[in-house]
Structures are given as C-alpha cells and as structure tokens.
Amino acid sequence: HSRFYTPPSSVMGSSIGSQGAKNSSIFPKAGCCGARGTSHNLCQNEFLNMYLDQLEDKDREFDSAYLYREEIRRSAASAELASHQYIILFQRTEVSCVPERSEKPCVPQKVRRVLRLDWGREGLAFLELDSRLADDMRVCSKVFHSPLKPAELRQQLAEVQQKSWDPAEWNSHHFCYWLIGQTPGKEYDYR
C-alpha cells in the first residue's frame, strides 16, 4: 500500500530493508546506475521523481535530513568481509487524521514521515518510512534553516543524475554527504 503513488503491479516487489523502521509503503528499487558499461544513460529513478512531484503538489516540505551508516557483513572465500552502506533520510512532519474509535471522527495529529534514499550498484532506490532508522547507525543530521521543497530535492538529484556508481569515486558515502551538504542548516554529528 503506497501513501501517494501506486506504480503498476509489474514494477512492485523489491524493497529496501528498514533496520527496524516500519515500512509504510514500498516502492520499486529501480536500477539505473550500476553495470552499464560505456553507456552514458542518465541515472535517475522516475518513480522517485513522480513521488517528489506528488509531494510538491500536496505542499509537503522536508524539515531535516539524517545520514546513517549500515554495516554489511558478507562471506567471500571463507573470509568474512565487512563493508558499509550510507543511507540518507529526509524527514517531514504533516498532519494526519487518526481515528480514536471506529464510531468517532478522526482526531488530527502531527506525524513524522521519512523518505529513505539509497545509492548503490543497483542504482538509486527510495522508500517511505514511518520512523527513522536505529540511533546507533546515525552519523549526522541537519535541521534545515528553511524547509526543503520536494522540487528542490528533485533539482539537487538532477545535478548528479549523470554520475554512475563507483566504489572509489562516487559511492553511497559520496552521494549522501554531497546531498546533505546541499541545503543550509544546523548540523549535528553523532560519530
């Protein structure tokens, strides 16, 4: 069940693990940046663009961003390899109508919504969550001086749409730190 946009069922099904955060909607993980050889195709996620357009149409705005580092362990030739993936979350607060009981009308309440962006070999993926990730994974955060409009986030993403994933030059670390640095705000470091 998606909150704003429901893509055709043929593209649904892949999702990002949420490390304890409750998934409120699942969007496709669209591969656009990995393993594309010498091609110079644009790297973008059209479903993310449509989602940001819908948020813009509903006058939603992001008030802060959170950067996380997820540890990934894999085995390769009997040796355990540790690596990590950086994840960026954009948070917004909106009013939602929550029913107290079935016979009574809804009671408006402020709720937090979080847009998760992942950059990796498979491309740019996104997911909307009801909560942030685990605190022990958080690296830094930023409270924006002025709210970030979805159209502004889309423009920021357009600036890097021609970059391809590279483990040394443009990986999740580079992407997330670049993106969190694009909007002025008060920064907080946790590690």
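What I am showing is a predicted model, in which local features need pLDDT of at least 70 and side-chain atom pairs count only at pLDDT 80 or more, while totals for chains, interfaces and linings use all residues. Residues are numbered from 1 along each chain as its sequence is written, and side-chain values use heavy atoms, with hydrogens and water left out.

Let me begin with confidence, where pLDDT is the predictor's confidence in each residue, from 0 to 100. The mean pLDDT of the protein is 79, and 71% of its residues reach 70 or more. Over residues 1-42 pLDDT stays under 50, and among the elements strand β1, residues 23-25, has the lowest mean, 43, whereas β6 has the highest, 98.

Now the overall layout. Helices here are DSSP runs of H or I with at least four residues, strands are runs of E with at least two, and both are numbered from the N terminus. The protein has three helices and seven strands, which follow the pattern β-α-β-β-β-β-β-α-α-β along the sequence. Of the 191 residues, 42% are buried.

Turning to helix α3, residues 172-180, the buried positions are S172, F175, C176, L179 and I180. Seen down the axis of α3, these buried residues fall within an arc of 115 degrees, so they line one face of the helix; the arc is that of the directions from the helix axis to the C-beta atoms. At the N-terminal end, N171 caps α3, with a side-chain oxygen 2.9 Å from the backbone nitrogen of H173.

A nonpolar core is a set of buried Ala, Val, Leu, Ile, Met, Phe, Trp, Tyr and Cys residues joined through side-chain atoms within 4.5 Å. The largest such core has 29 residues, and those with the most contacts inside it are F62, F90, L115, L117, L153, L157 and F175. At least two residues each come from α1, β2, β3, β4, β5, β6, α2 and α3, and α1 gives the most, with five. Apart from this core lies another, of nine residues, among them Y66, L127, L133 and M137.

What does F62 touch, if we leave out residues up to four places away in sequence? Taking contact to mean heavy atoms within 4.5 Å, the partners of F62 include L52, L55, F90, L115, F144 and L153.

Y66, in strand β2, is buried, with a relative accessible area of 9%. Beyond four places in sequence, the residues that Y66 touches include I87, L89, R132 and C140. The side chains of Y66 and R132 make a polar contact of 3.1 Å; by that I mean a pair of N or O atoms within 3.5 Å, where within protein one must be able to donate a hydrogen and the other to accept it, and residues adjacent in sequence count only if both atoms are side-chain atoms.

Finally, Q156 lies in helix α2 and, at 9% relative accessibility, counts as buried. A polar contact of 3.1 Å joins the side chains of Q156 and T183, and Q156 also touches L148, W178, L179 and Q182, again not counting residues up to four places away in sequence.

How values were computed. Buried means under 20% relative accessible area, exposed over 50%, partly exposed in between (1.4 Å probe, protein chains only).
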